[in-house]
Amino acid sequence: MLTRRQTLAAAMAAPVAVPLAAPRLARAQQGQPYVVGTLFPMAGPNAEYGGVFTAGVQMALDHIAADRMLGRPVELRAQDSQGTPQGGATGMTKLASVDRANYVLVGFTGVSKAAAPIAARAKVPMVNGGGVGPDLAGLSPYFWNVIPLVNLEVRALLPWLGRSGLKKIALIYVDDPFGNAILAELRRGLPEVGASLVGTFSVPPGSQQFAAVAAKVRDAGADAVYFASYGAQQSQIIKQLRDNGVSQQLLTYSGATLASVAALPEAEGLVFTRQAADWSSDDPVTKRFVTDWRAKHGGDPGSYHQNYYNGTRLFALLAQGLEKQNRPVDGDGLRAELLRVREFAFVGGKASFDDQGCVTMPIEVNKLQGGQYVRLS
Amino acid sequence: MIAYLLNLATLATVFGILAASLNLLIGYAGIFSMAHAVFFGLGAYAGAQIAMLLVPDVLLACLAAAAVAGLLSLCLALPALRVRGEYFVVASLGLQMVAITVFSEAHAVTGGHGGLVGIPPATLFGLNIGDPGAFLLVCLAVLALVLLGIRVLMRGSFGRSLMAIRDSESAAKAFGKDVPRIKTLAVGLGCALAGVAGALFAFYMAFVNVESFTLEQSVLVMAMVIIGGTATLAGPLIGVLLLLLLPAGLSFLTFIPPTEIGAVQQFIYGLAMTLLMIFRPAGIAGLSTGRR
């Protein structure tokens, strides 16, 4: 049994002892490689996203190294955000102050909002390629989005909906800024294409049971069902809607571009939007990405792979520009270079950034057929 | 590195207050609440609203947070007076689920799932204490006051009565103890202190949303208290340091591949907790029943 004095001594020593094991690492990297940090959920129910995001980053780093784009090597430092604001704040603090990250890639809205003030204080650019809630625009001058936010995706779907003859739409949405943005966009846009919302059903973010919602959707008499969700819910919503007799056309956004969704038999025929991704394109950036991806992973890449590849590539392009001008590669320099250049050659085509650091890219409508994405418009 | 150490130390201090407040319920009163994150959240939202709508004074925010969490602790005290043991655990679980729904839906107060963004840096009597070092000092002062208060209370008549109720409610009642009043006071005090921790958390994070007050958070705080050792002053602090700093320490293991970092950390973390409970079932600083 420990005495009180021993336990108090242990309590006081622990916060200092554990992290002090690291200064050697910190010292070793000073003036060494550029550090690109990732702040993704790497364990728990959203770990699939962390793995997918990281795969895109790693391929971009392989290409940056192979092309010798930069005068210094680029090193990847991963932090597990645990998908929570607290995990995001702690992870970002470590990336900024211990790992001395030059640039951090992030996903998930709560994590982004908690980490953005820390990144802004440290002047470390944070780039989101996963969260699509419109509340992610303008979080800070150092917070950028390489994924079109979801209101733009809904706008891109509307003309196709008008042509498809699907007039009555039911919406299942997560009751958060992301889901509410889709609700508002559909309410505004559907009448313009001669369609209407015949039912709206909100679900809590963590929910995994949708049988009751499916029953209500059946009763709504809709021609199509749009679902706005993320994480492990995506597959569950599709499966449970089909299991409970909802046979109508399913619609959603780029969050469905996960291998687990594509592999789901119930997802056959799912129509979704995503940023333009013509994998047969002759554009050299896209062609190389797709060729190498297929060689390494044995299948087509998804939107998240593309986004995080682009997010990492953006760092290399900005840093390359700064190196050519003999300017330091720091937060202010990267931001100034982003606003100077504005347009970049990304996987999927040319992308341009607005003053808030939000990307604009062509968006396309796809259908899932036999596990493959088929472009509709 | 200093910023990271300050970050860890501040979070450990805030969670130290939270764990000490739960220890009051679990360790001294024998009330196993699974809803402690609710009162942490109530304090965080109250503190954040005070800071955003009135003035970002940390003292005012802490007082408001303690008042809100203390008053609403009646929601926990009422079932605590009627049921014990596993039945109370289920009742508190229900309260946790209801509160999460309220936090998610009360957009005007909590911001819903989007949360409250842009909480201004803390001040104290007009002085800016937004600097991480200054804020840590304030948090440490609050923690010291909380621990001192608990120590004084537990050594007095209130604490002895509370522990008597914990060990045998019937015997305490037979000796003339006012069990409902003492239990209600203990719950109120524990929840008010959790509210104070919540207000400090809101200032430190500058952002709060419902994801920080879920059942997982309640379970984590309970694990901190139990692993550290219940009914001791140092136990919850040791639990906090272990459960907050172990993942932080593991993140320095650079040989773990980026895609596996979370899984490996979780595995080591879980294994360490299991081994601790096998070899030190009373917690690291825990006292045997006879020495309590």
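The legends below describe close-up views of a predicted model. Residues are numbered from 1 along each chain as its sequence is written, while chains are lettered from A in the order in which they are written. Local features need pLDDT of at least 70 and side-chain atom pairs count only at pLDDT 80 or more, whereas totals for chains, interfaces and linings use all residues, and side-chain values use heavy atoms, without hydrogens and water.

**View 1. The annotated domain of chain A.** The unreviewed UniProt entry places "domain: Leucine-binding protein" at residues 35–365 of chain A, and such annotations may be inferred rather than shown by experiment.

**View 2. An open sheet in chain A.** Seven strands follow the order β7-β6-β8-β9-β10-β14-β15 with mixed pairing, where two strands pair if DSSP finds at least two bridges between them. The edge strands, β7 (196–203) and β15 (372–375), each pair on one side only.

**View 3. Two paired strands of chain A.** Strand β10 (residues 271–275) and strand β14 (residues 363–369) pair in the antiparallel sense over five bridges. F272(A) stands opposite N366(A) in β14(A).

**View 4. Helix α13 of chain B.** This helix covers residues 261–279 and contains F279(B). F279(B) has a relative accessible area of 64% and therefore counts as exposed (over 50%, with a 1.4 Å probe and protein chains only).

Terms used
Helices (H or I, at least four residues) and strands (E, at least two) are DSSP runs, numbered from the N terminus. Buried means under 20% relative accessible area, exposed over 50%, partly exposed in between (1.4 Å probe, protein chains only).
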